Amino acid sequence: MTRNSLKLALAAMGLVAAGAQAQDVTLTIESWRNDDLALWQQEIIPAFEAEHFGIKVVFSPSAPTEYNAALNSKLDAGSAGDIITCRPFDASLALFEAGHLTDLDDMEAMNNFSDVAKSAWQTDDGSATFCVPMASVIHGFIYNADAFAELGIEVPTTEAEFFAALDTIKEDGSYIPMAMGTNDQWEAATMGYNNIGPNYWKGEEGRRALIAGEQKLTDDPWVAPYETLARWGDYLGDGYEAQTYPDSQNLFTLGRAAIYPAGSWEIAGFNAQADFAMGAFKPPVRNAGDTCYISDHTDIGIGMNAATVNPEAAKTFLAWVGSPEFASIFGNALPGFFPLSKTPVELSDPLAKEFVSWRGECESTIRSTYQILSRGTPNLENDTWGASVAAIKGTSSPAELGQRLQDGLASWYAPQQ
Amino acid sequence: MTALKLANVNKSFGEVQVLQDINLEVEEGEFVVFVGPSGCGKSTLLRVIAGLEDATSGEVTIDEQLVNRTPPSKRGIAMVFQTYALYPHLNVRGNMSLALKQDKQPKSVIEERVATASRMLNLEPYIDRYPSELSGGQRQRVAIGRAIVREPKLFLFDEPLSNLDAALRMNTRIEIANLHRQLGTSMIYVTHDQTEAMTLADRIVVLRHGRVEQIGSPMELYNNPTNQFVAGFLGSPSMNFFPASLVHAGDDRTIGVRPENLHLADDGVLDAEVSHVEQLGADTNVVAQIDDHQITARLFGQHFIEEGQNLRFGFNSENAYHFDSDGLRLR
Amino acid sequence: MSVPRIRWHIIVFLAPATLVYTAVMIFPLFNTLRLALYSEVAQARVFVGLENFRTLFFDPIWSEQFWNALGNNFWFFLIHMLVQNPIGIALAAILSHPRLRFAALYRSAIFIPTILSFVIVGFAWKLILSPIWGIAPSMLDAVGLKFLFAPWLGKEEYALTTLALISVWQFVGIPMMLIYAALLSIPDEILEAGEIDGITGMSAFWKVKLPLILPSIGIISILTFVGNFNAFDLIYVAQGALAGPDFSTDILGTFMYRTFFGFQLQLGNPHMGSAIAGAMFAIILVGVCIYLFGIQTRMRRYQL
Amino acid sequence: MHKARTNPFNTVGMHGALILYTLIALFPVFVILINSFKARKAIFREPLALPDSDSFSLIGYQTVMRQGDFLLYFQNSMIVTVASLFFILLFGAMAAFALAEYRFKGNLLMGLYLALGIMIPIRIGTVAILEMMVATGLVNTLWALILVYTAQGLPLAVFILSEFMRQVSDDLKNAGRIDGLSEYTIFFRLVLPLVRPALATVAVFNMIPIWNDLWFPLILAPAEETKTLTLGSQVFIGQFVTDWNAVLSALSMAILPVLILYVIFSRQLIRGITSGAVK
């Protein structure tokens, strides 16, 4: 037994050594997207390797919940992979500031991206960009089209229509109106608050005002979404308090719920699991004719470990990730993750097309808490999770929640003091 | 030739001094018994001799060799343990031959010695059995056999009989005595049982609180104890002690008289009330109270005495021992 | 006077364990705990003494979470003491009955949850308790108790208790086995003596067996204490690092993990994380010392 | 004669209580196992029904087997668990013997030192451990895991084993010394066989956390060649898509090996735990 493991150990060390010496360079990618393992192995990596002889790529994802902790430990100890998949904003910024990520501004491929796309992986002053933008996700609602047809419901565009539709479904009783749970907390904030919120705080305008300290979380645009969320509780399934994220997904894809507050990332999975027709609608506006705002959140970037021994190969790979060719492969292989490249990508999935079409109709913004505001303690993003859950459950009033969040933010964020 | 010499041996565990200044010489072929109440240090002394414990100070000499630094197996000793300590995974033969194998003795020697020992101890029928398949007495004999095959210069016995029942104990006692006669090797034997000590020993070493109280032949100790402790420890039933004031008013000494030296006498100095009578057939033990002192008299033959009866006991003054308030014998 | 010789074999016996343990466990642990005395200011590590602990205990942002986690931890421990250990003792008492058939079978079956991983335990119980999947509600329905059902894991007032009970379910095998062993080691003569004195059945358990197994119960209590104050995995698996709902299931382990390694947008803070770990260590150490010097030495041990 | 002492009502009561608790203990495992053999819809429609011809499906197992080299993962887990247990038992028993058998200066202190590790979660030492493994080139080797688990298992092993070692007859060890056995021979030939049951106890208590650990494989040996089974099955509990067939199958597959290991050790475990009785 011991001898066996010794052999294995030697073999493993041999691999590392071989990577360093032989002509073939092996790049290891750190990622939290373990769902995409097959995709990388079967489509993306072969496409890259076919064009670039001498560079081998290994996609090595870990579970999303452990990714940050595991990656940070590995970077600190110097055992992390050559390529790092970047979370947006502060998590990656901290890595850059600690010297773990390389400044990629001089890379030609960076010109393929808009400033907005790059903003998620830049220093606050925009002087350095350290990750190549890969994809964004768009928030909205996915619905069971068969159920809507059966109950004669039109796709809602205003909040009034939205709640009317929910009432109709509830009265009928054969479907749970909306599939969402509060057990895992983040859905309430991500698919609840930050999904419908941009219509209230007018997207970028409100978000920037908050960062600048011109608006407060106790102001109406930031409290009102909680008031709306508080009405959601009635339409969620029995015992939604203990309903987990996978529970919600399953409820919807098994056809037991009519509406699913979603992010576009669900598309691939839902296509595979649901056997009914699906549609999507954007967050309903408060009054007919209002400008609509959507959360088009820059979610995934990819950067280079500053300590890599193969910087040239890594840059070659990153340049390829920045190319339109990659955008096209990635966008179509993973419908719902929308490439951020300036060159438009022709998408084939109808649901994904529906989501991406909103970019033309509405103003885009990103999640309100992600940039700068979640830098301190208490953490605004984590607090927003709790506040959104409390709003839905009705354990606190929206005004109280706004006050609590404002107090927390003001305790460390100077512009809000 | 001295088989064993202990010179100023001290042993302490941390603060606790277990052995104090022990001096002893054991002659070739002598059978010495260490006796004393539990906790007196007799087992520790044996283990110091065996080398299982290091003396804190002092010298241990076996067969004229200073062995303070010699490991147990090289001291030329063999030891028999109270719990037998047979190797559970070896059969009788294996148990007896392990030490010899360890000593790299030739096979023929090992076989011959094991055969001799097992013949001597009637172990031949069990030679291939494992310890778990043997009775207590058989295990004890294997343990002794294991000691014999090593042909030691000194045998050490650590309360070897205390795990046996009464009948077997007497038999094995006789066997050990025979063994000593046959082998003629020096033996040191630890026990808390004064009968074993009296019957086996050439010399007895009485220990108390880690000190030697007295050394001598069984009869010397019996007849001539140096202090009250030794006098009381040897002999069964044990010696009676009572204040001399019972006999002569104003005398602050303690008088000791052995039970067999008390006799019934109408003019006896001790007036006592019988509280208990033990009829042993050949003897009769009478337990009686003088105020709050209890005395025991051993009367030869059969006497019919009732409890509650008042009797007078007397003794010859040459049979009386006198002790001072520290328990030292006054002559 | 003999110079004590070096007994090389003692060193040889101790060396491998001590080396591996010191190098791979103690050294990294203390290297990390040391961080509690530092803080990071502008990318540089600065010695701040006990400042981090002051923050932890007195800064409302931190202390509120800390006391909440500590309180939850005590509740978690209390449930184990009040439920896990009595059930374990009761099962062991039944199993140790001399003429019970199939004892081995029961014993193995009851021990099985103990060998499962937290991932499996958390997943399985979330499924069973899920109001969506409906195993628990429909089973309660079958016995006419549907009204008792609630989304236990999702309610602030029940979630921690529910998790503690799941943990009890998982680990009841350990006190059971240890007490079982202790009960078997009581000599038959003592029980038979009791029987002749008319002490049988339940009273034999209360009056004879229980006093004799008290030392084992003590050991189990302290193992439960150490285990519970180090607990992390079950809550993490079931409720995530934020230990929802609304931190109602947050215990020191999850608080420490979240702080040390960061979570979602919250960046890891090894300095405060180490401070929490240091506080945990101190709490456990104090508990163990109270047990060792306060309880264990006073507890009567009976020679069997 | 037995009748006078056994009350039939009691017997029924005892079995009733035990059967009830056994059901509680096994129910969740049962739920996972049966559902791993069902098609996705059936899992949700009738979670408690046994798989029948209609609902039976091996899709989960197929997904799992396709997704990664599970045989290799299994082998890795096996190597790591068995090797760690071997070292924990060997080193732990040696240290426990030294502490239980010999009186020397610092004995008590040493015992306390070795017990310290029970009180701090080793996870917080992660970065330092990882740095060390990187420096020694052990990252992404199974040795890294074996070392960590060995260190982690030693405190409890020393604690339990030294208790048992104290029970081994002194006379036996002394007999060995007088027969010329070295301290090492006494330990390996006389003492170790006698504490075998205690070794099994330690093995069972340590086996579970090692086999089930996710953290250190993730940090120290995430490479494909060194992935453990637990880490491998974690792939199926993804961020956005949860393939329950695969999850349930992977979990079922992860239960079985521990179960087998447990069965192997359990006879000894019971004997170990109860051997205090025989002395």
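1. Chain D and chain C bury about 7,600 Å² between them, 82% of it on carbon and sulfur atoms; buried area is the accessible area (1.4 Å probe) that two parts lose on being put together, summed over both. Tyr21(D), Met119(D) and Ile124(D) supply 10% of the area that chain D buries against chain C, more than any other three residues.

2. This is a predicted model: local features need pLDDT of at least 70 and side-chain atom pairs pLDDT 80 or more, while totals for chains, interfaces and linings use all residues. Residues are numbered from 1 along each chain as its sequence is written, chains are lettered from A and ligands numbered from 1 in the order written, and side-chain values use heavy atoms, without hydrogens and water.

3. Helix H8 of chain D covers residues 170-178; helices (H or I, at least four residues) and strands (E, at least two) are DSSP runs, numbered from the N terminus. Eight of its nine residues are buried, so the helix is largely enclosed by the rest of the structure; buried means under 20% relative accessible area, exposed over 50%, partly exposed in between (1.4 Å probe, protein chains only). Among the buried residues are Asp171(D), Leu172(D) and Ile178(D).

4. Gly180(D), with a positive phi near 90°, follows H8(D).
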